[in-house]
Amino acid sequence: MTESVRFEDVSLLYPGGTVPAVSHLNLTIEKGEFLVLVGPSGCGKSTSLRMVAGLEPISDGKIFIGDRDVTNVAAKDRDIAMVFQNYALYPHMSVGENMAFALKIQKVPKEEIARRVQEAAKLLDLTEYVDRKPKALSGGQRQRVAMGRAIVREPHVFLMDEPLSNLDAKLRVQTRTQIAALQKRLGTTTIYVTHDQVEAMTMGDRVAVLKDGILQQVDTPRKLYDEPANAFVATFIGSPSMNIIHAKVVDGGAEFGGTVLPIEREVLAKADSDHVLVGVRPEDLNLAESGPEMKVTLVEELGADTFVYGTTPDGVNELVARSRGFTSPRVGDTVHVDPQRTYVFTATGTQARIK
């Protein structure tokens, strides 16, 4: 039976360290939920996962699986199953033996082991490969074997640490849809770690964004995209990244590139300096007949979309706009841009969103 997972003010400071790897993490993963932990390298996402697994001792706080405090419970007694990025398969064992290994250690009856392995192999389309060794399988098939080994244990929680990072781009897309669909069928609470924000957005029921060991925001993929809590989340979620424009607060709005962007007075009153950060997603930054100027430095033709990269004349702001026409500007051209939907963040401190 699956269970929820709860971090209560959890911190981890490694011996000899001065900055916590994870700081005061409060987060609840609901029963049956698929939650993705995402962030740049070193942000604490894998550390958080390993703390749930019992592979890292926590410095402060508590971790619960269901109603059970597992903070000081040994890893083997937490009833979790972990899937690693390097598969960690035994090369001398067959697919079936790899999947059955943990159950044999637990002294599960042979008939029960055979049933679970058979069911997992069918679920993962591995039935014809159960007698093969891992070296005879592709990367995607090996990853499915690693998934199968977790599934047969019927744990309370699945923990997945960047399981797709060793696959090529096409297989990664295919496998992530399989994992998301599989999780829905099994209904097992899953915590999934990735540095790939596209993976996070397409797989998770909710996504938790971390930076420097601190939780920045946790929400549905759509809300993270539409309502980022701060400038870091705004730029981390979305590809290409949101434009962040350093603009001076003036009467009636914020000025950049010789143009004043109208912003309500009550919004500007929340600014913590005489500058703000104005965010504009590339799809909301149109090429126009008038407006702030941008000197084109790169044009990416992607078939359905064309992304035009450039800088403002003062060189302070780098911008990217999505061109909707069939004719694109050339490198070196000067074009005008027209921000449609904008976000406003504080320029210092937390860079919190104020509009």
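This is a predicted model: local features need pLDDT of at least 70, side-chain atom pairs count only at pLDDT 80 or more; totals for chains, interfaces and linings use all residues.
Local features here need pLDDT of at least 70 and side-chain atom pairs count only at pLDDT 80 or more, while totals for chains, interfaces and linings use all residues. Residues are numbered from 1 along each chain as its sequence is written, and side-chain values use heavy atoms, with hydrogens and water left out.

Begin with the open sheet of four strands, ordered 2-1-4-5 with antiparallel pairing; strands (E, at least two residues) and helices (H or I, at least four) are DSSP runs numbered from the N terminus, and two strands pair if DSSP finds at least two bridges between them. Strand 2 (22-29) and strand 5 (68-69) are at the edges with a single partner strand each, so one side of each is left without a neighbour in the sheet.

Next, select helix 1 (residues 45-53), which packs on this sheet and touches strand 1 (5-12), strand 2 and strand 4, where contact means heavy atoms within 4.5 Å. The direction of helix 1 makes about 115° with that of strand 1, from axes fitted to C-alpha atoms, for helices over the stretch in contact, with angles from 0 to 180 degrees between N-to-C directions. Seven of the nine residues of helix 1 are buried, among them Leu49, Met51 and Val52 (under 20% relative accessible area, 1.4 Å probe, protein chains only). Gly54, with a positive phi near 85°, follows helix 1.

Finally, move to the open sheet of five strands, ordered 13-12-11-14-19 with antiparallel pairing, where the twist averages 40° from one strand to the next. In this sheet, three bridges join strand 11 (residues 243-250) to strand 12 (residues 253-256), and Val250 has Gly253 as its bridge partner in strand 12.

Terms used:
Buried means under 20% relative accessible area, exposed over 50%, partly exposed in between (1.4 Å probe, protein chains only).
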